[in-house]
Amino acid sequence: YKFKNLELVKQAITHPSYTYSYECNYERLEFLGDSVLGMLVSHYLYENFPSMSEGDMSEERSRRVQNDFFGRCLLIKLWQSGLALGYIIRSNSTLNQLLVEFELDWRKDAILKREQVTQVKQKQ
């Protein structure tokens with residue numbers, strides 16, 4: 001891939017502590033990216049869970065756009081991949097154990113959420 005606007009690349013990797021100007025760091029791009037990500041997750045939930053209430057969709061969207069959710073997803077994908085970083089994670093016992101714990105916690109959270117939604121629906 002070849003970037004069309006190298007100034008945006010520079011801005012995307014510039015930490016706010018490096019400059020005093022909002023125009024020269026990643027914060028504005030982060031704001032835009034967070035908004036686009038929220039819209040994509042909203043669309044996915046709306047299309048794939050037709051019986052989910054607005055409140056449940058809002059809560060699920062909020063959970064899915066959190067940094068730790070994406071971090072866990074990324075680590076799981078890298079761990080499962082044949083990429084060099086995936087190999088490093090799998091071969092490092094500490095990282096591997098943390099990843100297993102992350103994945104188990106994530107799956108437990110998902111199961112608990114489903115159970116809570118089911119219980120709420122049964123009460124209605």
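**Entry 1: the overall fold**

I counted 6 helices and 0 strands in the protein. I then read along the sequence and noted the pattern α-α-α-α-α-α. I keep in mind that this is a predicted model.

I looked up the confidence next. The protein averages a pLDDT of 78. I found that 80% of the residues score at least 70. Which helix has the lowest confidence, and which the highest? Helix α5, residues 84-91, is lowest, at a mean of 61. Helix α3 is highest, at 90. I note that pLDDT is the predictor's own confidence in each residue, from 0 to 100.

**Entry 2: surface and burial**

I checked how much of the protein is buried. Buried residues make up 18% of the 124 residues. The accessible surface comes to about 10,100 Å². Carbon and sulfur atoms account for 59% of that surface.

I also looked at contacts between residues at least 6 apart in sequence. Of these, 27% join residues at least 24 apart.

**Entry 3: a nonpolar patch**

Which residues form a nonpolar patch on the surface? I wrote down F31, L32, V36, M39 and L40. Together they have about 530 Å² of accessible area. I placed one of them, L32, in helix α2, which covers residues 27-48.

I turned to charged pairs. Side chains of opposite charge can pair when their charged atoms come close. How many salt bridges does the count give? It comes to 2.

I took the pair R63 and E60 to begin with. Their side chains meet in a salt bridge, at 2.7 Å from N to O. Both residues lie in helix α3, residues 54-64. They sit 3 residues apart, which is about one turn of the helix. Are they buried or exposed? R63 is buried, and E60 is buried too.

Then I took R64 and E60. R64 forms a salt bridge with E60, and the closest N and O atoms are 2.7 Å apart. This pair also lies in helix α3, 4 residues apart, again about one turn of the helix. Both R64 and E60 are buried. I noted that salt bridges with shared partners join E60, R63 and R64 into one network.

**Entry 4: the buried face of α3**

I listed the buried residues of α3. They are M57, E60, R63 and R64.

A residue needs to be under 20% to count as buried. I looked up a distance too: D56 and L45 are 11 residues apart in sequence. In space they are 9.8 Å apart, C-alpha to C-alpha.

**Entry 5: two loop residues**

I looked for T14 and found it in the loop between α1 (6-12) and α2. Is T14 buried or exposed? Its relative accessibility is 10%, so T14 counts as buried. T14 and Y26 are 12 residues apart in sequence. Their C-alpha atoms are 5.9 Å apart in space.

I moved on to Q66. This residue has its place in the loop between α3 and α4 (67-80). Q66 has a relative accessibility of 38%, so it counts as partly exposed. How far is the C-alpha atom of Q66 from that of D34? The separation is 9.7 Å, although the two residues are 32 apart along the chain.

Definitions and conventions. Residues are numbered from 1 along each chain as its sequence is written. Side-chain values use heavy atoms; hydrogens and water are left out. Patches are made of residues with over 30% relative accessible area and no salt bridge: like charges are joined within 9 Å, nonpolar side chains (Val, Leu, Ile, Met, Phe, Trp, Tyr) within 5 Å. Accessible areas come from the Shrake-Rupley method with a 1.4 Å probe; for residues, only the protein chains shown count as cover. A salt bridge is a side-chain nitrogen of Lys or Arg within 4 Å of a carboxyl oxygen of Asp or Glu. Buried means under 20% relative accessible area, exposed over 50%, partly exposed in between (1.4 Å probe, protein chains only). Contact means heavy atoms within 4.5 Å.
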